[in-house]
Amino acid sequence: MKNEMEIIFDAVSDNESFARVAVAAFITHLNPTVEEMADIKTAVSEAVTNSIIHGYGNLQGCGKPGRDFPSGTEREVRPGKVRIHCILENGILHIEIADTGTGIEDVEKAMEPLYTSRPDLERSGMGFAFMEAFMDDLEVESRPGDGTKVRMVKKIGIGEWIA
């Protein structure tokens with residue numbers, strides 16, 4: 001049986017934990033192991049955080065007059081959106097996390113462990129490495145100005161796949 005869900009939310013840091021829990025709740029009926037659940041939640045967290053930090057520049061809603069905007073006027077900063085689309089079929093979870101942010105100029109370089117485009121934010125540069133390590137498959141599609149799509153696959157119930 002095929003089951004599918006999609007959520008779209010503002011690209012603000014407060015929503016990262018919501019994203020992890022939403023995907024975890026979507027697969028609970030499969031009784032994943034603690035390790036499988038932790039792997040999925042970590043990978044989702046990393047992908048969503050990348051969208052917020054790198055895709056949209058970590059926008060936080062409204063700016064402060066005089067600090068964030070010259071001339072002391074307040075204006076609203078509208079955050080971008082992050083979309084999570086999950087398909088669950090025959091014990092295989094497909095996750096796509098997408099944004100319409102700045103995109104990635106060099107995907108290969110961005111996927112190198114310890115590489116970060118935001119050293120000013122003390123980022124570790126391990127996001128894609130964690131996604132790759134914790135999921136069974138990872139694909140990143142991105143172009144500057146067009147946003148980024150991260151596609152991940154995880155087989156739930158490792159024992160059944162080995163048998």
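Predicted model: local features only at pLDDT ≥ 70, side-chain atom pairs only at ≥ 80, totals over all residues.
As a reminder, strands of a sheet pair through backbone hydrogen bonds, either parallel or antiparallel.

The pairings around β5 can be followed residue by residue. Strand β3 (residues 92-99) runs antiparallel to β5, and eight bridges join the two. Here A98 stands opposite K149 of β5. Strand β5 (residues 147-155) also pairs with β4 in the antiparallel sense, over seven bridges, and V140 has V150 as its bridge partner in β5. β4 and β5 form a hairpin with three residues between them, and G145 in the turn has a positive phi of about 85°.

In β4, the covered face carries L138, V140 and S142, while D137, E139, E141 and R143 make up the uncovered one.

E139 forms a salt bridge with R151, with the closest N and O atoms 2.9 Å apart. This pair links distant parts of the chain, since E139 is in strand β4 and R151 in strand β5, 12 residues apart. Both partners are partly exposed, E139 at 40% relative accessibility and R151 at 23%. In the other example, the side chains of R143 and D146 meet at 3.1 Å, N to O. R143 counts as exposed at 52% relative accessibility, whereas D146 is partly exposed at 48%.

A further salt bridge joins E96 and R83, whose closest N and O atoms are 2.3 Å apart. E96 lies in strand β3 and R83 in strand β2, so the pair ties together parts that are 13 residues apart in sequence. E96 counts as buried, because its relative accessibility of 14% falls under the 20% cut-off. Through shared partners, salt bridges join E6, R83, E96, E139, E141 and R151 into one network.

A pair of aromatic rings is described by the distance of the centres and the angle of the planes. The count comes to two aromatic pairs. In the edge-to-face pair, F9 and F18 lie 5.9 Å apart, centre to centre, with 90° between the planes. F9 is buried at 6% relative accessibility, while F18 is partly exposed at 42%. The stacked pair is formed by F130 and F134, with 6.0 Å between the centres and 15° between the planes. F130 and F134 are four residues apart in helix α4 (residues 127-134), which means that about one helical turn separates them. F130 is partly exposed at 32%, and F134 is also partly exposed, at 26%.

Definitions and conventions: Residues numbered from 1 in each chain as written. Heavy atoms only, no water. Buried < 20%, exposed > 50% of the residue type's maximum accessible area, 1.4 Å probe, protein only. Pairing = 2+ DSSP bridges. Phe/Tyr/Trp six-rings, centres within 6.5 Å; stacked < 30°, edge-to-face > 60°. Salt bridge = Lys/Arg side-chain N within 4 Å of Asp/Glu carboxyl O.
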